[in-house]
Number of protein chains: 2
Amino acid sequence: MSDPGFAQWQARELARIEAMLTQALAAQDPQDLMAAMRHAVLDGGKRLRPLLVLATAQAVWGARASVPDWADGLALRAACAVELIHAYSLVHDDMPCMDNDVLRRGKPTVHVAFGEATALLAGDALQTLAFELLAPQADPAEPTVALACVSVLAKASGHVGMAGGQAIDLASVGQLIDASRLKRMHDLKTGALLRASVAMGAICAQCAPQERAALSAWGDALGYAFQVVDDILDVTSTTDVLGKTAGKDEAHDKPTVVSTLGLEGAKALAQTLHQQAHAALGQLTLAPGHHLGTITDWVIHRIN
Amino acid sequence: MSDPGFAQWQARELARIEAMLTQALAAQDPQDLMAAMRHAVLDGGKRLRPLLVLATAQAVWGARASVPDWADGLALRAACAVELIHAYSLVHDDMPCMDNDVLRRGKPTVHVAFGEATALLAGDALQTLAFELLAPQADPAEPTVALACVSVLAKASGHVGMAGGQAIDLASVGQLIDASRLKRMHDLKTGALLRASVAMGAICAQCAPQERAALSAWGDALGYAFQVVDDILDVTSTTDVLGKTAGKDEAHDKPTVVSTLGLEGAKALAQTLHQQAHAALGQLTLAPGHHLGTITDWVIHRIN
């Protein structure tokens, strides 16, 4: 798919995301806590989730005459909020009592750099900051939309979402689980936050119910595809390219799509999901020059 | 202060709080995670923070003709939300990398009962659930008020609130710190959430700015008094009476009001704050039969 404007769009949106995250984490006191939070969030990561929020909202908006400033601002805050949730989950996931990992985004993990207690608190405070970001309000029309984002992000992050998926992951170590249980774990652990990114973009764009349903189908396929590719990369890539420890699923005896379906089966599933995602986009009337197709291809063909 | 209706009011409100918390934690899957979350929250605790939310809102409402159902419902959800934040902070605070405590609310701590990884996830998911509780909406007037509660609770919980206070606490172990630094630590670590409870009650009651300012002054005095009494009880009470390990501040070489001012100095400070709290209440026109004075006395004279 040809999308000559993508690189420019991505650079512009990444600059807005980095600026807001940097500002949100600017406080100096308490020194260690703030330094640990910045270490976890800034200068790293693909920012896939925030880009999903913004690309989704803009793909719907593109066809409209004008976008209110508050809605664009809220979409940017929602984008940064989901990245903060993702970052907190990585900090806690890397801790010794969980995956005990030392490398993340090409840097020492937070507990290695700042100690376990500070890593625990930094993860906690990053989660809080995500919800704080969604709360300011500039327009009388905004609270209903912002509160809908709080609801979507909380459900996607908690016991019926990401944290629930991590608990299933924890209980599955060394277990033989079938493909459907594995899909449920991935649906929650990784899929929930990716789906929430698409949903928050759709909410900020205040799109119609049938648009939201089609975008949701796209998010479902994309979220699952992301995890399948993650499992494939864990066995086919290197620690250098990934920026995190390669081969750790097998080392931790964790069930993955590759351990369940084999490498070729996992690659075939990724292709099927790729087609499903594009088919879902085909049902939508989106702005010319939107980037959802390009993002779909990026998720499938990424190397880290 | 005579308040014959207090015990009955407390029993009725506690029943509403327990019912909502029980319902919010009713899910069975993932089994370990949900059991750990229930262990941390149900059947224990004074529920001071939720009672503060409800008592504050009702003290303002009492003088009015009618209270909308959504506002009463939101106050109850805010009450449970602040208790979930408090509960998550205890789970994480008790973990081996923090205070490494084995007893809480008269029961084994969550990491002792369920393991460290599940305790970490349970704390994370309890925080998320707090924000999820604030997000549903039943009335068009509600989102603005609910989002204001999200903002207050997030600020009080994060790096400029409770988590920030814990980070200062962590950095202060074994240090000589002066009374003003100690007060700042307490302001954040314990005071922020107590003040947020009062603030959310005032927000749900949609009270006037001058009422909110006086309630805020009450919350300031009450929050600090609570921590001073906590520090006193840590040296004067027993593990059995407290339901948590007594004497642990000294064992961990932590600066406290008692280590800074001495036991008699701490008791004198508690009395001063007690008077300041009642003076703040004296500036308000509250409903006859309100319970804010009784709660003030309870915070000062409590034995655990």
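Tutor: Two residues of this predicted model count as being in contact if their C-beta atoms, placed from the backbone, lie within 7 Å. In chain A, of the contacts between residues at least 6 apart in sequence, 75% join residues at least 24 apart.

Student: How do you know whether the radius of gyration of chain A agrees with that of a compact globule?

Tutor: The rule is 2.2 Å times the number of residues to the power 0.38. With 304 residues it gives a value near 19 Å, and chain A has 19 Å, so the two agree. Along the principal axes, the C-alpha atoms of chain A fill a box of roughly 55 × 50 × 35 Å. Chain A contains 14 helices and 2 strands, and buried residues make up 53% of its 304 residues.

Student: What confidence values accompany chain A and the model?

Tutor: Chain A averages a pLDDT of 92, and 98% of the residues score at least 70. For the model, ipTM is 0.95 and pTM is 0.95.

Student: How many residues does each chain give to the contact, and which helices of chain A take part?

Tutor: The contact takes 44 residues from chain A and 44 residues from chain B. On the side of chain A, α2 (31–41), α6 (116–134), α7 (142–157) and α8 (162–172) each supply at least two residues. The largest share, 12 residues, comes from α6(A). By kind, the residues on this side divide into 27 nonpolar, 12 polar and 5 charged.

Student: Are R47(B) and Q206(A) buried or partly exposed, and how do you know?

Tutor: The cut-off for burial is 20 other C-beta atoms within 10 Å, and a residue is exposed at 12 or fewer. R47(B) has 20 and is therefore buried. Q206(A) has 19 and is therefore partly exposed. R47(B) is found in the loop between α2 and α3 (48–61) of chain B, whereas Q206(A) is in the loop between α9 (179–204) and α10 (209–236) of chain A.

Student: What makes the backbone at R47(B) and Q206(A) worth noting?

Tutor: Most residues other than glycine have a negative phi, and most peptide bonds are trans. R47(B) is not a glycine, yet has a positive phi of about 60°. Q206(A) likewise is not a glycine and has a positive phi of about 50°. As to peptide bonds, the one from D29(A) to P30(A) is cis, with omega near -5°, and the one from D29(B) to P30(B) is cis, also with omega near -5°. P30(A) lies in the loop between α1 (6–24) and α2 of chain A.

Student: Why is A27(B) called neither buried nor exposed?

Tutor: A27(B) has 14 other C-beta atoms within 10 Å, so it is partly exposed. A27(B) is placed in the loop between α1 (6–24) and α2 (31–41) of chain B. Apart from neighbours within four places in sequence, A27(B) is in contact with H159(A), V160(A) and M34(B).

Student: Which residues have the most contacts inside the largest nonpolar core?

Tutor: That core has 202 residues, and those with the most contacts inside it are L126(A), L153(A), L126(B) and L153(B). Beyond residues up to four places away in sequence, L126(B) touches M37(B), A40(B), V41(B), L84(B), A87(B), Y88(B) and V91(B).

Definitions and conventions
Residues numbered from 1 in each chain as written. Chains lettered and ligands numbered in written order. Predicted model: local features only at pLDDT ≥ 70, side-chain atom pairs only at ≥ 80, totals over all residues. Core = buried A, V, L, I, M, F, W, Y, C linked by C-beta atoms within 7 Å. Contact = placed C-beta atoms within 7 Å. Helix = DSSP H or I, 4+ residues; strand = E, 2+ residues; numbered from the N terminus. Nonpolar A, V, L, I, M, F, W, Y, C, P; charged D, E, K, R; others polar. pLDDT = per-residue confidence, 0-100.
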